[in-house]
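Subject: Model for you to look at

Hi,

Here is the structure I promised. Please open it first, then read the notes below.

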Amino acid sequence: MEKNCETVPKVQIEFMNEVHCEEFLLMEELNSFVQESILLNEVHSQITPHLEKIIQHTVEHFDRENRYMREYNFPPYLMHSGEHEQALRNLKMVELEWKNNQDLKKLDQYINQVWRPWFSNHILTMDTITANFLAQFNIDFK
Ligand SMILES: [Fe+2]
Ligand SMILES: [Fe+2]
């Protein structure tokens, strides 16, 4: 199991890389709870609280990027924030479905076939362009 952030694409802004790494590791942890549950055929008690933690982290991650894009008038703001909105809606739907059905296979499929490629692709496109844009200003990131 991957326990570092080597596979997470990097951008020019360090706080973004840190947040991405945290989120990736949270998802890796969730994935290990899910894989363990599938093997043991028993739902791990940490899955639900961990999923909530990931949602919270994602909300803050997206809010922060959105805030800097607005503050520095990033021209394709709506395109980037729109992707955030859609991804968060999807994640919340997965959480709701999980709470209703506790379907491990579905959660596994979401993490490994939906979230993973989405996360990489989002960083390589929207986040990379945004980081390149923000890097031209001398920002003291908070
Ligand atoms: Fe990001
Ligand atoms: Fe983003």
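A definition to start: axes are lines fitted to C-alpha atoms, for helices over the stretch in contact, and angles run from 0 to 180 degrees between N-to-C directions. Note that this is a predicted model.

Helix 1 with helix 2

The two axes lie 10 Å apart, and helix 1 packs on helix 2 at about 160°. Angles over 145 degrees count as roughly antiparallel, so helix 1 is roughly antiparallel to helix 2. Their crossing is left-handed. On helix 1, the contact residues include Leu-26, Leu-30 and Phe-33; on helix 2, they include Leu-51, Ile-54 and Thr-58. By type, the residues of this contact are 9 nonpolar, 5 polar and 4 charged.

Helix 2 itself

Helix 2 covers residues 47-71, which is 25 residues. From first C-alpha to last it reaches 36 Å, close to the 36 Å expected. Its buried residues are Leu-51, Ile-54, Thr-58, Glu-65, Tyr-68 and Met-69. They pack against helix 1, helix 3 and helix 4. Asn-73 follows the helix, with a positive phi near 50°.

Helix 3 with helix 4

Helix 3 is residues 77-101 and helix 4 is residues 104-134. Their axes come within 11 Å and cross at roughly 165°. Helix 3 passes helix 4 in a left-handed crossing. Helix 3 contributes residues including Ala-87, Val-94 and Trp-98, and helix 4 contributes residues including Leu-107, Tyr-110 and Trp-118. This contact divides into 7 nonpolar, 3 polar and 3 charged residues.

Best wishes

How values were computed. Residues numbered from 1 in each chain as written. Chains lettered and ligands numbered in written order. Predicted model: local features only at pLDDT ≥ 70, side-chain atom pairs only at ≥ 80, totals over all residues. Helix = DSSP H or I, 4+ residues; strand = E, 2+ residues; numbered from the N terminus. Left-handed = near helix turned anticlockwise from the far one by under 90°. Contact = placed C-beta atoms within 7 Å. Nonpolar A, V, L, I, M, F, W, Y, C, P; charged D, E, K, R; others polar. Expected span 1.5 Å × (residues − 1). Buried ≥ 20, exposed ≤ 12 C-beta atoms within 10 Å, placed from the backbone. Parallel < 35°, antiparallel > 145°, perpendicular 65-115°, else oblique.
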